[in-house]
Amino acid sequence: MKLPFFRSPDGREGGGSADPTERRDESVLTPAPEAAGVMAGRVPEVKSPSAPAGPTKIAARDVSVFYGDKQALYDVSLDIPDKTVTAFIGPSGCGKSTFLRTMNRMNDTIQGCRVTGKILMDGQDINARSVDPVLLRAQVGMVFQKPNPFPKTIYENVAYGPRIHGLTTSKAELDGIVESSLKKAGLWDEVADRLHSPGTGLSGGQQQRLVIARAIAVNPEVILMDEPCSALDPIATARIEELIDELRERYCIVIVTHSMAQAARVSQRTAFFHMGRLVEHGNTEEIFTNPRERRTLDYITGRFG
Amino acid sequence: MTWLVIPLVAVFAVLAYLAGRGVAQRRAAALHGGQKAHSRPEQHGYYAMIWVAVPALVVTILAGVFSGPLAHNLLAADAPASVQALEPFRREAFFNDARLTGEGQRAFQVWSGELGEALTTEAARSARLHQTLTWGGVLAAILAAVMGGLFAWSQIRPTLRARNRVEGWIGGLLFACSAVAILTTVGIVFSLLWDSLRFFQAVPVTEFLFGTQWSPQIAIRADQVGSSGAFGAVPLFAGTFLIMIIAMIVAAPVGLFSAIYLSEYASALSRGIVKPVLEILAGVPTVVYGFFAALTVGPAFREFFNGLGAMLVGGPLDGMGQYLMLVQNQMALVAGAVMGIMLIPFVSSLSDDIINAVPQSLRDGSYAMGATKSETVKRVLLPAALPGIAGALLLAMSRAIGETMIVTMAAGLAANLTLNPLDTVTTVTVQIVTLLTGDQEFDSPKTLAAFGLGLTLFLVTLLLNIVAQRIVQTYREQYD
């Protein structure tokens, strides 16, 4: 079956064009009822809201990553749609976090790390000389595994990005951004009366939502999440997952997760990585109910190893 | 001779280990089904080893410490009447010579007549006595080892909690080692306190702490004129703090910035070069910094200021020019600046550790927000590391206050109460050195003043260190 938004890893489909928007047919982008019917023929059940909603935001072509002499990622080609949650799954060390970090060039901060291939965001090569990683990261926010609020107040944590990027001209404007970001992150009601107490004093789940608020305060287009719930308890996890689902309306979200259940719950698209290679990708329901690859099946059913 | 026991004890200990292990293995093997020895055979071996080695070593040390005095007392107890009649000081000398002669060495003095004969007999007695005591010590050590071994042998059985016993002994040994350092410090404090008390009996505390005159000359003879002595320590502490502040003005920014460079900006290659070089700088003996200050920096500064003064003389700043032309080699600025250079590696390596201790996740968080390196350093790393850096700076201050060699060579001796960095000042440590070098009598306030100064200095640096440690600790708790 042809997948509308993903190229197969070897890049056979779609020809050699580097521009992801060029070869897109709008009728395929929004699956027509017939298309859904075809899918329904193979997949037991497709929940309606999980169908991909946007055009391709990020297109990776033959991306390889090296740490020194060691290759961590092999020729990954993948299209990531906008206004959609895309989940990366796979065993530890499979390269999913490495791939995630290529998308905001966080790998630049690691010495001896080298990235080859092309990553296009809205058709623009983010590794081009003309692209300033600092500005790129303002567009591509990131949330990490462990909540990492700065040792500052809640207010200052959220105001950090707007301040360094000079997004506001007045205190009132900054207050507005802080408030709306905290509201979007679903934290406002809990912290409205203690904005000026330390962010590190919040609970783990609240800290993670604070960090999400911090990331969305600079109005990014993409939010990368690297196992955002792995340090949280189930209740806090559920809140973050709800939040991710809400944020999907505005942002392109990519999430790395070790929890298959989480990938199934929050994502519409799933990509499975193994040993530094992209094994399979597609609609989440499809990956979880009817994977094409034996390895994917083994992994999602817990028979891996 | 006594020390030959030590290899012997070592051999015994190894044998005891092997025997203990063997015995434990055999006794464990004899257990009936289902039962299990509490500890492993090796632990029984160590248990036996400890019981052999520790009593033997204790006996050996006791013998080493007490055999000399014991021999002396035995000799003195039934010495000939002619020796007994000697005055105590001469008698000690006699017995000392008797011991030396007995050991086949040359006596210090020539003892003639009756004493000469006595010396020969006493030397022979001394030699016999020492030999007896030595062998007695060795035998006692062997006996102690055997007794200990027998005790261990009687104890070894499958239910013996040898593992816990051995752990207990190891804990005790480690405690003893740390106690040495603590007890020494306590001893130093008490000796300081004792002599300071004697000083403060001669000079009132208030005069010492608040007096502004320092001139520790005291009349040696009652009829001497013009040397009444003044012990006001304020000029010394003022000089100390002036030099410390100059040193910190140099060391704090340079050290901190180099730490930031090393931890955040440097590539692996330049870090690999700069860090070892800084560590070499930290290893330069302070006396080398001292003559660098006295012979290179001092004259250079003097020439600079004298030249500047020469240009100003006759102009609108004539007075200042006159002053600058008279500036000497020894000035607070030179000592402070060189001391600051000495402190740079200290500050930078401490701050480097502290900045590195800030979790990587905070850096990632900041970079992921699109912050540049300097923004990350300024807005995230430094605020997070600030308490630790403050602690490091306080430690550097307490080193600057206690530093002696550089100021001795570069600061001068005149106790001027001034804040002018171009003036000659003196510091507490310099005065202590001056008071305690050369001949001195230990009951005059002049000498005892050194202890008063030492105690005050000790309290000041102690306070600084406690504050610094507190700050660093609170900081550490934040992230662990």
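Guide: In this predicted model, a nonpolar patch lies on the surface and is formed by I6(B), L57(B), V58(B), I61(B), L62(B), V65(B) and F66(B). Together these residues have about 610 Å² of accessible area. Helix α2 of chain B, residues 41–77, gives the patch its largest share, namely six residues. L62(B) is found in this helix α2 of chain B.

The model may next be considered for its open spaces. Its largest pocket has a volume of about 500 Å³. Of the 24 residues lining this pocket, T109(A), S263(B), E264(B), Y367(B) and K373(B) are the closest to its centre. Two or more lining residues come from each of α4 (133–139) of chain A and α8 (234–265), α9 (268–283) and α13 (360–368) of chain B. By class, the lining comprises nine nonpolar, seven polar and eight charged residues.

Chain A also carries an annotation. An unreviewed UniProt entry places the feature "domain: ABC transporter" at residues 58–300 of chain A. That span is 37% helix and 27% strand, and its end C-alpha atoms lie 26 Å apart.

Terms used. Residues are numbered from 1 along each chain as its sequence is written. Chains are lettered from A and ligands numbered from 1 in the order in which they are written. This is a predicted model: local features need pLDDT of at least 70, side-chain atom pairs count only at pLDDT 80 or more; totals for chains, interfaces and linings use all residues. Side-chain values use heavy atoms; hydrogens and water are left out. On a 1 Å grid over the protein atoms alone, a cavity is a set of points where a 1.4 Å probe fits but cannot get out, and a pocket is an open set with protein on both sides within 12 Å along at least five of seven lines; lining residues have an atom within 4 Å of a point. Grid points are joined across faces, edges and corners, and a volume is the space filled by probe spheres set on the points. Helices (H or I, at least four residues) and strands (E, at least two) are DSSP runs, numbered from the N terminus. Ala, Val, Leu, Ile, Met, Phe, Trp, Tyr, Cys and Pro count as nonpolar, Asp, Glu, Lys and Arg as charged, and the others, Gly among them, as polar. UniProt positions are given in the numbering used here, feature names are shortened, and annotations may be inferred rather than shown by experiment. Patches are made of residues with over 30% relative accessible area and no salt bridge: like charges are joined within 9 Å, nonpolar side chains (Val, Leu, Ile, Met, Phe, Trp, Tyr) within 5 Å. Accessible areas come from the Shrake-Rupley method with a 1.4 Å probe; for residues, only the protein chains shown count as cover. A salt bridge is a side-chain nitrogen of Lys or Arg within 4 Å of a carboxyl oxygen of Asp or Glu.
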